[in-house]
Amino acid sequence: MALLRPAAEPPPAPLSRYWKAYVTDCTEQVTRFHRITAVVGASQVRTWLGEIGKRLDSELEAVHRLAAVGDSIEPARFRITEPPAKRIANRLGKAKASLKQSVDQAAEIAEQAVLDPTHDDVRVHLNVLNEQVGRLAIAAPLAEEPEPGPRRRRWRRPGS
């Protein structure tokens with residue numbers, strides 16, 4: 001008697017151009033963060049940046065999942081029109097901006113680590129970065145925007 005094996009999950013469908021751009025931009029930012037971490041000398045600063053990098057990796061996974069949801073709602077090449085897809089795009093846009101800020105902060109930390117081997121100034125920057133990563137936009141609630149209601153038609157009276 002042959003044993004039945006569960007079917008392997010098919011690979012995820014490729015994202016449409018619009019959603020793929022968000023994932024690509026966020027992936028580039030996280031890659032830059034890891035490159036910066038790699039050039040910092042083996043020290044406590046590198047360890048701290050490595051821990052923050054792990055959190056950024058999990059944020060990047062969330063970006064992938066959210067983009068897949070957006071693509072399933074409305075696959076698009078250049079723009080979207082569906083309100084749920086727009087909400088997701090807004091969230092991904094904020095995540096992209098937050099990741100860029102994290103990379104900029106990591107660059108400042110790396111610079112300070114080179115200039116100040118005692119790491120006095122670096123700790124301040126690391127605390128700022130740690131707080132910033134804790135508030136990344138992908139997990140933060142969005143400010144509620146009112147949903148546009150159905151468009152009202154203006155009726156014209158006959159003869160006017």
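Is tyrosine 22 buried or exposed? I looked this up in a predicted model, in which local features need pLDDT of at least 70, side-chain atom pairs count only at pLDDT 80 or more, and totals for chains, interfaces and linings use all residues. Residues are numbered from 1 along each chain as its sequence is written, and side-chain values use heavy atoms, with hydrogens and water left out.

I found tyrosine 22 to be buried, at a relative accessible area of 15% (buried means under 20%, exposed over 50%, partly exposed in between, with a 1.4 Å probe and protein chains only).

I then noted that tryptophan 19 and tyrosine 22 form a tilted aromatic pair, 6.3 Å centre to centre with 40° between the planes. Rings of Phe, Tyr and Trp (its six-membered ring) pair if their centres lie within 6.5 Å; planes under 30 degrees apart count as stacked, over 60 as edge-to-face and the rest as tilted.

I recorded three aromatic pairs by this rule. One of them joins tyrosine 18 and tyrosine 22 edge-to-face, at 5.6 Å between centres and 75° between planes.

I checked the positions next. Tyrosine 18 and tyrosine 22 lie four residues apart in helix H1 (residues 17–39), about one turn of the helix; helices (H or I, at least four residues) are DSSP runs, numbered from the N terminus.

I also read the relative accessible area of tyrosine 18, buried at 17%, and of tryptophan 19, buried at 0%.

Key: Helix = DSSP H or I, 4+ residues; strand = E, 2+ residues; numbered from the N terminus.
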